[in-house]
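Biologist: Could you walk me through this one slowly? I am still learning how to read a structure.

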Amino acid sequence: MVVIDMQRHYTREFVRTFFTSPTAVQGEDDSAKMLRGAAGLRGMQAPDVWVPDNEDATAPSMREEGVENIVEVVAEHGADFPGEIHPRIVWHREDPALRHQGFQQMLSIAGSDAAEHIDGFVVPEVGDADDWKKADEYITVVEHETGLEAGCLSMSVIVESGEAELAMGDLREEMGRPSNNLERLFLLVDGEVDYTKDMRAMTPTGELPPWPELRHNTSRGASAAGLIAVDGPYDDIRDVAGYRERMRENRAKGMTGIWSLTPGQVVEANTNPLPP
């Protein structure tokens with residue numbers, strides 16, 4: 001019989017905002033300008049979780065520079081940032097080379113002067129439960145190699161495949177086993193764009209399906225495992241009413257958090273989930 005230890009490595013009861021920033025911008029004198037701008041957000045514009053995004057938001061040719069920018073900006077401004085900081089590294093369930101790159105990115109960040117301000121890492125494109133455990137093992141090795149306290153770095157995943165969606169149903173059984181440290185899990189974040197590709201889904205207009213089932217399953221998986229569920233990005237940044245309606249639907253599923261693409265969306269998401 002497996003005894004499940006449901007104690008978490010974090011203290012947050014909820015997350016309203018998950019805000020991503022490119023780590024390196026091409027064609028700029030200062031490639032870290034977006035990171036610097038995000039690091040200066042305060043008040044209702046400041047997200048609960050800031051994600052320097054060294055994956056989809058950053059061109060592959062700029063990712064090495066992106067890691068350097070994360071280290072520089074977070075080391076300088078991390079102490080004053082009011083939210084948590086969770087860089088998004090590269091990863092893919094079917095690509096060992098990408099997984100190794102992600103490991104190297106985490107090692108560089110955790111072994112730098114920025115480490116004391118880093119709360120964890122966001123791992124995209126995960127697959128089945130074994131793949132989640134590979135990411136966890138890499139983070140465990142990073143902690144050991146850089147002299148950090150075991151379990152101090154949390155791990156959030158982006159659910160972008162059918163495999164990952166099914167894996168959420170295994171978390172309760174897997175967490176707490178002595179062979180892994182999945183207690184470090186923090187956020188379950190929906191990534192509907194790549195999820196749609198993985199599902200080979202199509203709509204008459206070419207728009208993304210709403211995927212209410214995915215949001216329900218993510219919320220259910222988070223509830224069962226003592227984690228926090230976050231909805232994916234709402235691309236029409238001018239549609240404030242639609243963004244608010246999406247959050248209203250999510251709250252009815254028990255999902256408080258949502259991805260924010262702009263400081264304006266951060267303000268909406270930080271404000272609207274508050275209870276009446």
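Predicted model: local features only at pLDDT ≥ 70, side-chain atom pairs only at ≥ 80, totals over all residues.

Biologist: Okay, helix α3 then. How far apart are its end C-alpha atoms, and what span should it have?

Modeller: Helix α3 covers residues 96-110, and at 1.5 Å a residue its 15 residues should span 21 Å. The end C-alpha atoms of α3 are 21 Å apart, which agrees with that expectation.

Biologist: And which residues of α3 are buried?

Modeller: The buried residues of α3 are R99, G102, F103, Q105, M106, I109 and A110. Around the axis they cover an arc of only 160°, so they sit on the same side of α3.

Biologist: What covers them?

Modeller: The cover over the buried residues of α3 includes helix α2 (63-77), strand β4 (120-123) and helix α4 (129-146).

Biologist: What caps the N-terminal end of α3?

Modeller: That is D95, which has a side-chain oxygen 3.0 Å from the backbone nitrogen of A97.

Biologist: Switching to α9, which of its residues are buried?

Modeller: In α9, the buried residues are G242, Y243, R246, M247 and N250. Looking down the axis of α9, you would find these buried residues within an arc of 140°, so they line one face of the helix. The face turned away from that buried side carries A241 and A252, which are exposed.

Biologist: What does the buried side of α9 pack against?

Modeller: The buried residues of α9 pack against the helices α7 (192-198), α8 (212-225) and α10, and also against the strands β7 (228-231) and β8 (257-260).

Biologist: You mentioned α10. Is A269 in that helix buried or exposed?

Modeller: A269, which is found in helix α10 (residues 263-271), is buried, because its relative accessible area is 0% and the cut-off for buried is under 20%. Leaving aside neighbours within four places in sequence, A269 is in contact with R16, T17, Y243, M247, I258 and S260.

Biologist: How far is A269 from Y243?

Modeller: A269 and Y243 are 26 residues apart in sequence, and their C-alpha atoms are 8.5 Å apart in space. Y243 is also one of the buried residues of α9.

Biologist: Last one: where is S21, and what is it in contact with?

Modeller: S21 is found in strand β1 (residues 17-22), and it is buried, with a relative accessible area of 3%. Apart from neighbours within four places in sequence, S21 is in contact with M34, L35, A38, W50, V51, P52 and D53.

Methods
Residues numbered from 1 in each chain as written. Heavy atoms only, no water. Helix = DSSP H or I, 4+ residues; strand = E, 2+ residues; numbered from the N terminus. Expected span 1.5 Å × (residues − 1). Buried < 20%, exposed > 50% of the residue type's maximum accessible area, 1.4 Å probe, protein only. Arc of directions from axis to C-beta. Contact = heavy atoms within 4.5 Å. Polar contact = N/O pair within 3.5 Å; in protein donor to acceptor, adjacent residues only side chain to side chain.
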